Each structure stands twice: as structure tokens, then as C-alpha cells.
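Reader: I have a new model open on my screen and would enjoy a guided tour. Could you take me through it, one question at a time?

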Amino acid sequence: MSSSRDDRKSLKEAADESGRTSSGDGKAKELYRRVKTPGSGAVAVDGDVRRVFLNDNDQNKALYATCTNVVVTSKYTIFSFLPKFLFESFCKVANLFFLVVSILQTIKPISNTYGLPTNAPTLFFVICIDAVFAIMEDRRRHASDFAANSATCHVLVDNVIVDRLWSQVQVGDVLEIRNREVIPADVLILSVAEPDPAVPSGICYVETKSLDGETNLKLRQALPATMAIMREAQDLDKLKGSICCETPNPFINKFAGNIDVWVAGQTFPNEPLSIKNVLLRGCTLRNTDWVYGVVLNTGSDTKIMQSASSPPNKWSDVMLTLNKMIGILCIGLIVLCAIAATVFVTWQNEIAKEAWYLHGTATVDKVVLVTTGDVVTAWFTMLFYYFLLLYQVIPISLYVSLTTVKFLQSSFMAWDIEMYHAETDTPAIVRTMALNEELGQISYIFSDKTGTLTCNVMDFRKCSINGVSYGSGLTEIGRAALKRAGKPIPPEPKMEPGVKQIPYVNFVDPKLTEAMQGKHGAEQEERTHRFFEHLAVCHTVIPEKLDNGEVRLSASSPDEQALVAGAQFMGYKFESRAVGKAILDVGGEKKTYDVLEVLEFNSTRKRMSVVTRLPTGELYLYTKGADMMIYQRLSAASKALEAITSQHMETYADDGLRTLAIAMKRLDEAFFVDWAARFRSVSGSIPELEKRKNGEPNAIDDLMEEMESNLDLIGATAIEDKLQNGVPDCLSALSAAKIKVWMLTGDKEETAINIGYACALLDNSIHQVIINMENCSTPDLIQDFALVIDGEALEIALKPHMKMDLLGLAQFCVAVICCRVSPAQKADMVRLIRENIPEARTLAIGDGANDVAMIQAAHVGIGISGQEGMQAVNSSDYAIAQFRFLKRLLLVHGRWNYLRISKVVVYMFYKNITLVLAQYWYGFLSGASGSKVYWEIGVQVYNIFFTGLPIVVLGVLDQDLPDHMSLKYPALYGVGPQRQLFNYYTFFRWLCAALYESMVIFLVMVYGYNPRHSSVGSEARVEYGIVAFTLAVLIVNLKITLIMCNWTWVPRITWWGSVLSWFLIAFLCLTAIPYFVKLKVSYDEFGAFVPTFVSGSYWLLLVIGCTLALGRHFAWNQFQRLFYPELFQILQESVMIEKKKAHRLTITHMEEAPRPDLSMTLDDITPEERSRFNLAEDTVADTMATTLSRPQQLDRRATLQRLNTGYAFSCDEETTLVESFIATNHSHRQEPSNVPRRSMSINDIK
């Protein structure tokens, strides 16, 4: 025991000495400096580096006592919920406004509610609904946190493995991580389970899908100094050391540090550490039985938590306009209050003195009514008094109603079976419901190509080797090109019998097999073998053993998977990988290739290389990459071959294939030894790594350039990425909807153009303007042309002094294709439109990590859950499984949501303004004294019980046309991008409608109703109020019947429930329940309802008032529909006719179909109207029998008759939908661009 203590003491002293040595190096600290992230509990030495001690818990606890592995992503706790939620709630302007109202209501001099905050219960109800949504959302976070913190892991404690919760893990703990377990913290790998412990490699595999969204396995490696020592828990005593590394930061692909480690009596000082030595929290260990590692970062200090950031806040155009409209209403409210206050002061001080009826029997010169106090004080008192009387011009339920509507809209979008992908069991996902209506206003779409328009499942199709092209057959794009040119399409070649088909290969050409057998000469035989040996060795593919024993190749990209599969197809099968080795099966013989260096691929280099020693002992550099990167590094001897190969690659690109150039170089042993020493030295240099990370010139890239020079060209590969199903149809529909689609891809120019043709983005009628560094033309601005620009030219075009020229050209193009662009350039193109065309709404769609910047830069981001992981989905606002679903997402759900939200917002304003203005007019009957006419409790529940549900149902279920009609006629979508349904013109029209209808309510109430003075509980003012309130409830609810199109049983029930609830609540509170007589705000009205209710004049005035208020609206609807119908109205008629025909055939089998001259049909669309609706000739050809002239059309419509078969209450949804069209006007008029924008949509005249 004493000996053991002495050993431990000597180990500690050695580690301390090592720590003092490294800590004395101030320069190293500077190199490891990182910006600290708020929330980190780490206490690093001198505050600039993080030091962790291996096998020394006492020192680790002293440094990191405050660090914890508990992760909290939830916003609230039981104790913090109330204060935090209330603070967030009252940061919203509307909630703060109504809180101020509630406070002002308690000030008796200005209160019209006897000092009682009657608005408070309603505000409380609204905030409670918001709280429910907040709790629902936060509960999911709490459940996730609990699952993470309560998971178990295995910790080495006194050389014994103990199970502990994740929340109990501390910095410096040594963990045992087992196969398929999730990593609980950021861990430095000490050792791994080895297939052959005698020959340790330290290799393990990790899946990083939860971290970066990539589904392929990554290779990680244990420390060389420790990988062979620690085979079991007791071996921990043999290790001691000090780790110096970067402070916590969010860079998941970067790690810098070093370790001074003492291993069984041997010291390894200053061993460099990189990301390949670290397992990050959230990753999953794969294909490795166990791993021992020491914890470096815990909890909020881990890279996954540091990199977790909130997505950018996005506001829809409707909501931004809504906030401005609320500001306009607030100004209008102040103006109305100021006018009323001025009238009151004037009346009190001037008119009242001369009013003979106030003098009674007193002498004429005696002043009966004298205003006391200062005039200014009286004016401000009445200003606030009227403010409390009229504050409901801003609906208290506006935001909560919109939140409810959007939540339910999102649910229906997620439940849409037409956007469900059965093959992957993936429904549509709504991640940002606040942008639902924005989907109906998109005017620009920015789309990635690979994995978005295409399947991102690659097939090895063709190759060029030593100037000979191999491979036959046509791709989908090639067949589309022949069809476009009017040429015959040859049949696809079939594979020879006996040839085994393997995944990711679609190659047919017996000549290649003959060449590899030497039938085409020795040189060609050697080159073909070298070509496929290259493909089998130069890659980063990792073999993964599945549970069934099969081996699956896990690649960082589908391209590499296809290339390795192509090599296997031709006899070079990649089987496994060891440290610095690749094991191949070549013709049944196992061969081992030493991989000495890997020069990795990135978006800047656009190439990768490996230095390999062949089984023969020869040393070669194998390089593959984009042709423009390889060609400029070729030796002079390869120039002739370059010309031939370049022609082949252009041919492949014309066929829509993805190409890579393949090259090699034989290396001199002495040169490599010298180069490798220099390369490894700078690869561990922190300053050089920092320069490279920041894109600055650095020695690492310089040495790579030195190695990758004077290459010998071997040939090229061609890989097919097939189009997804339905892409051409989807893009054609979006184009018909006047949405401009821009394709942003990293592929070659020729490939991008041919993909554009294949997916119907381009056609022969469109003139192409191609801009690159070789050809930079200046086109005339004609209407139908497409811009094709490459990344190099785009880099220049996006400079500040040129970007407006680029914008001026691009915005008039029907399509834009940007090829060979970087992720940053994709985002720059989105911002070019977003920042310079404010009225445009942009949508970006992609499937990979390289699309994240573009997705976040757009107004709406769509992620596709594809082959490249979930990173794009995790950064998006909406997620779909296939590009073709975008058609339905925009043309159906987007259009419906825009129509619905537009109606909801203007109606919410309308119904409150109508109610409030009737009260305002009444105030002038009493010298602007602010006398209340409404029952206060009724006013407070007006937005909840009497008018709340029908508009929510409209916002969720209303449809002006069935979904198939929206898909068939994309021109219907145009109302959104043109803002025809929600704009200031529409807002003021509804404002005028509220003004008119409130005046009708006031006049009918005052001049039509005769109070019954003899009835008990009767008071003229109270009965006036009951009449006015009933009229307001009926008129605003009847109004919704004129704007709602889809009258199924749900809106009918909610409509009748809202209307009848007024009579029920009024009877209970004003007659049946005596408790309400005790309330000051209900005392005057108690007992007045029944006398008013039984009055005949009361019911007569309800009919007269509703007729006068809404008759104008109904009459205009019929006139406009009959003589000047819009496209959507004609389509509604078409739907109704088809339904009636089907109904007669089904029910009676006898009644004749209606004659076409008895109703409007699609035959009524004239050429003028077709032009006005932007309809192509063939868009309605299937429904048009004849084309009538305008006079004939008017004559026919003048004799229009409606057929009634008496089945209105037994129809299905679409039939009942069209039954209500006769009484609705939801006009989508599209006007010439030179006419000021205005709306002819929601009730053209209010």
C-alpha cells in the first residue's frame, strides 16, 4: 500500500512538473486563446486556456467546482415561470396597451367603470391562453432535458466502473463509452477496443448526425501515447498528465490543444491534440466495443451546447403591416378622443350656459351649469375618459386569435397526406408557424440542386480513361435534350447476363472489361487498372458493420460512395480500413495500401489527395477534384490528354452528369520524407491553423500546393444524380404562378444548364445570357431570358459598386442559374433580392449543411430531409421530404393561409371599430359627456364569446376553391405576391365599412327605437344600449357570412353559438341571476333585457338595421360577380356546375344537365380575360368549348339563372363550399403594373 502511494506521489510530481513546464510557455497560451462564451462555468488558468488534469480529481474539482453536466434548454421553472412569462407578455405592445388600460380604469376621475378594471379579466384570459402555448412548448424542452440529464453512463471511480447519471459527470472524469451509446460530454480519447490488441490502431467510429446533421460515420483516433496502455479500468493508475486546450467555443469541426502525459514511467511532452482525438457530446459511438476517455467539457461548455443558437427572428409581411396599422389606429384613437374632449369642454363652457332647457324655472340670467376647474384639466380628463371608452378599437384578442389560427393551420399542414412521403415516413414539418401566410406571398425561390431538385443518390455511369470514353446509355436529362431537339430517343442498353448488379452503379460497356484484360493494349490496361485503384484508395469512406453482418460503406458524400462502388464493380473492392491503411480485395486477392497522408477536400480546394504506398512499395500521390482545379496543376506531358478528356467531360456535363478529374504523380522517397516532415510540423502549428481557419495565406496550404503539382492526368468520372419525381411539373406550376426560380449549385455550368432544361426551368424559347470569366456579355433587356453566371463572375458582380447592375439584370429574368457557387454566395444572392426589393418575399430551399446560410437569409426557409442529414431541416422554417411538395405547400396551403389571415386581420379590426364608433356617435347626444350606452360586461366578452369563434374557424377552414383547382390554375396564386388582399387600401375600405355600419347602428337605435317607460327596470339609455349591442353582434356576425366561402357544419355551429350566446348571457346576467345587480358595472342594466326583448319594435329594428348595414355589401357582391367576375369566381361556378351534374346523375339519374347558357362556365373566359388573368391558351383548353366575345358574354350573364335542387344541407364539403359563393365576394383582381396597387378582394365595397 505504501509503495502504491509513493507511486501515485511520483506520478503527481511528474505531472506537476510537466504542468509547470507547459504553463510557463506564455506564447502557447496566446495561441490557444478563444473568445469565452457567456454561461461557461469553467475557470481556466490565467483565464485564457483550459487545463484539465488526467487522473487527478482533486485539482480538477478545485478548478471546475462550479461546472456541471446538467443541461437546461427550457425557458422556465416552476418558480421562474410567472415573472419571466409576464415580463415577456408585457413586452408585446398589445398586452402592454391593455395593461395600461386596466390601470387607467382604476383611476376614478377618468374611469367609466366606477374605478373597476373591467378589462383585466379579459386581459387575464388572453394571457392565460398565451401561457398555455408557452407551457406546451416548454414541456417538450423539459422532457428533452430530463431524458438527457437522467441518462446513465459509466465512470471510472477508484479503478472500478460505476454507473452514474449524465448530470453527475464532472470535468476530469474518465468514462467508459460503449458501442451505440451517446457521448455524455466532450471527451478526449485515451484508448479504444482493438481488433488486434497486439497491433493497436486507436481507431473508433462516431456518428455525428445530432451535431452537424451528417449521416455518415466519422473516424476518430486515440492518443498514440495511451492507446496501447489502457486496456482495462485498473490501467488508469499507469497514466498521469496535464491537458492544455482551448476554452469552450462553438466550432464543432475545430479543436486545438496539447497534452503532457506520463505513461508507465515514460514522459510524452507536448503531444498535439486535434478534433480527431475528441468525441463530442451528442455523437454516437459506432462499430467500436468501448472507448476510454477523459472529460474536457461538460454541460453548457460542450461544443454542441455552445453552438446551439436561436434561429433568426422572422416576421411575415402581413404581421409587419399589421403592426403599422395598429399604430394608425392608435393615432386615430387619440384624434377621436381629442375631438370629443374639445367638444365637451366647448359645450360645457359655451353652449350649456345658453341652453334654455337647463334653466327650468330659474331666472334667465342665472347660470345653472358651471364648469368647475381648469379648462385644460377638464380637457385632459375627458381625453383619458374617452380613451377608456374607445380603447377597444384595438381588439384585445387579435394576437391570441392569430396564434390560435396559425397553430391550427400548422396542424392541418402537418396532417396533409398529400405532403407525406411514405418511403421515408416523413410528413411535412412546421417549425415556424408565424410565417404561414408568408407562404402565399413568395415571389422568388432560391433552390439548391443536388438533393433538392435531384435525389442525391448517385450512380456511377461513365468514365474517361487515357482519352477513351466508356459507358453507354442516356440519362433523364439526355433524353429530355433529345426530346427537346425533336430527335429519336434510343433504347437503354441492358447489362450482360451474368454480370452482378451492385448499388450505386449503372454502368454498361463491355469495352472497359476488354481494356482491363489487355485487349486494347498494355498502356490502356495499365491505365484502367490504375484508374480504379485510384478510386478505391483515394477517399474517406468508412466501412460500417451492420447488425446482420453486412458491411455498409459510410461516405461523407454520395459522390464518393458511387466512385468506390464503381471501383468495386470493376474488381477493386474496398473492404476495410486500419490506421494509415486501406485494405482492398483485387480480383479475390487481399492487398494493403499504406495511406501516409490525406490532403482533405474543402469548398476552397475543391479537390482531395492521398499519398499511398502500393503493395509493390511504390509511392504515389492520387488526386481527384473539379476539372478547373486539376487542369491547372497538370504537367506539360498531360496537356494533349487534357484536351481529349475535357471534351469528354463537356459531353458528360451536357448529359447532366457530375464530373471529377482523376490524376496522379509518382513520388520520390527522399522528396516525400522531407515534405512530410515539414507538413507535419506546420499541421501541428496553432498559428498556421488559425491562419488557415481565417482564410489567410498559410504554410499548410502552401505545402499542399507543392505536393499537388506536375500531376499526370488519368481520366475523369461521370456520376448521375437523378431528378426527383415531379420536379418539372412543380417548377412549371411555380413559373405559371409568376414565381421566379433561381437555381444555386456548385456544379459545372453545362451540368447546371442541362439540369435547368430537364426540370423545365429553361426551355428553347428562353434566351440565355451566360456570364463567366471568359464571356461577359451585355444583354438587351428583353422579357424572356435566363441568366447563367458562375461563381468567379458572381464574386465580382456582388461587389458593392456592381451589385445593383447584377440586380437590374437578374430581376427581369424568368430564371437565374448560378453555378459553382459557395454557401456564402448563395446567401449573398438571397440578400441581394431581400435588401434591394423590399416588396419581394424570398424563399430558399435546400437539403445540406451548405444551404443553411441561404435558408436563414431568406424570408422563408424550407429544408428537405434528404441524404445529407438534417442540418438544413434543423435550420429551416418548414421541412418537406420532396421538392414536389413545394407546389402544394405554396399554391394550396400558402394561398389559403394568406387568404384566411388577410380576412382574419381586417375583420378583427372591423368588428371592434363598428362596436366602438356606435358608442362614439352616441356620446354627442349628451354634450360629448362620454355617457356609456353599452353593458360593460358585454363589451368585455364581446371578442371572446360573441364574435371570437367564427373568425377563428374561418382562419382555419375557409376555402374559396378546392385544392385541386389551386393546383390546376397557378395564376390564382398571384394575389399574394401582389398584396391584393391585405394592404392599406383594403384596411381603409374596411375602416370605411365600419364607419358606415356603426352610423347605421346609431341612427337606427336613436331614431327607430321607442323605449317602453312603463316597464319595470326600463331606462331609455339602457334599452338603446341593448338595441345597439344586439345590432352590432348581428351585423358583424352576418358580415362573416358574406366573406366566408366554406360553410360546413363547423362554421355553422360556431356562428349560431356566437349569436345565441349574446341572448343567453344577456338573459342570465341581466334577468335571471340577481348577483349581477350587486355589480356597479351591471347595476343600471339589470332587468332591462326582457322588456326590450319582448318589444316588437326591437325585432323590427334588428331586421331593418341589418338590411341597411349589409344590403349595400350584398348588392355589390352580386353585381360584381354577375357582370365583372374574376377568375376565381368563374372557377367557383365551374366547381358548382360539376357538382350539380354529378349530384343529378347520382341521385335522380333523370334530370337533364343544365344548359351551358344558364350559368357562367369556363367557356365564358374571353381572350381579354385570359390575358388579364395571365392564363396560357392551353390552361383552360380542357374546359373551353367556345370562346365568346365580350358583348355575347354580357348578354349571357344578363340572363343568368340559378338552378335550385334543394339539397343544400346534404352536400359534401366542396358542394357546400360553392353554395355560399353566390353571397360572397373575395375578388382577386389583377391589374396592370402601371396602375396603383389596390385590392378588389375581400368585399370590394364595404
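Author: Happy to! A word to settle before we start: buried means under 20% relative accessible area. Please keep in mind that this is a predicted model.

Reader: Thanks! With that cut-off, what share of the residues in the chain is buried?

Author: The secondary structure of the chain comes to 41 helices and 33 strands. Among contacts with a separation of 6 or more, 72% are between residues 24 or more positions apart. Of the 1246 residues in the chain, the buried share is 55%.

Reader: Where is the kink in helix α34 centred?

Author: Helix α34 covers residues 1049-1072. Its buried residues include Trp1055, Ser1058, Val1059, Ser1061 and Trp1062. The helix bends by about 30 degrees, and the kink is centred on Leu1060.

Reader: Why is strand β31 described as largely enclosed, and how many of its residues are buried?

Author: Strand β31 spans residues 842-846. Thr842, Ala844 and Gly846 point one way and Leu843 and Ile845 the other way, all of them buried. In general, side chains in a regular strand alternate between the two faces of the sheet.

Reader: Which residue of β32 is the bridge partner of Gly846?

Author: Strand β15 (residues 444-448) runs parallel to β31 and is joined to it by four bridges, with Phe446 partnered by Ala844. Strand β32 (residues 860-864) is also parallel to β31, again through four bridges. In β32, the partner of Gly846 is Gly863.

Reader: Which strands stand at the edges of the open sheet of four strands?

Author: The order in this sheet is β1-β8-β9-β10, and the pairing is antiparallel. Each edge strand has a single partner, so one side of each is left without a neighbour in the sheet. Those edge strands are β1 (50-54) and β10 (266-273).

Reader: And which residue of β9 is the bridge partner of Cys244?

Author: Strand β8 (residues 239-245) pairs with strand β9 (residues 257-263) in the antiparallel sense, over seven bridges. Within β9, Cys244 has as its bridge partner Asn258.

Reader: Last one: how many disulfides does the count come to?

Author: Two sulfur atoms need to be within 2.5 Å for a disulfide. For Cys819, the nearest cysteine sulfur belongs to Cys818 and is 7.6 Å away, so Cys819 is in no disulfide. Cys819 counts as buried because its relative accessibility is 0%. Over the model, the disulfide count is zero.

Definitions and conventions:
Residues are numbered from 1 along each chain as its sequence is written. This is a predicted model: local features need pLDDT of at least 70, side-chain atom pairs count only at pLDDT 80 or more; totals for chains, interfaces and linings use all residues. Side-chain values use heavy atoms; hydrogens and water are left out. Two strands pair if DSSP finds at least two bridges between them. Helices (H or I, at least four residues) and strands (E, at least two) are DSSP runs, numbered from the N terminus. The bend at a residue is the angle between axes fitted to the seven residues ending there and the seven starting there. Buried means under 20% relative accessible area, exposed over 50%, partly exposed in between (1.4 Å probe, protein chains only). Contact means heavy atoms within 4.5 Å.
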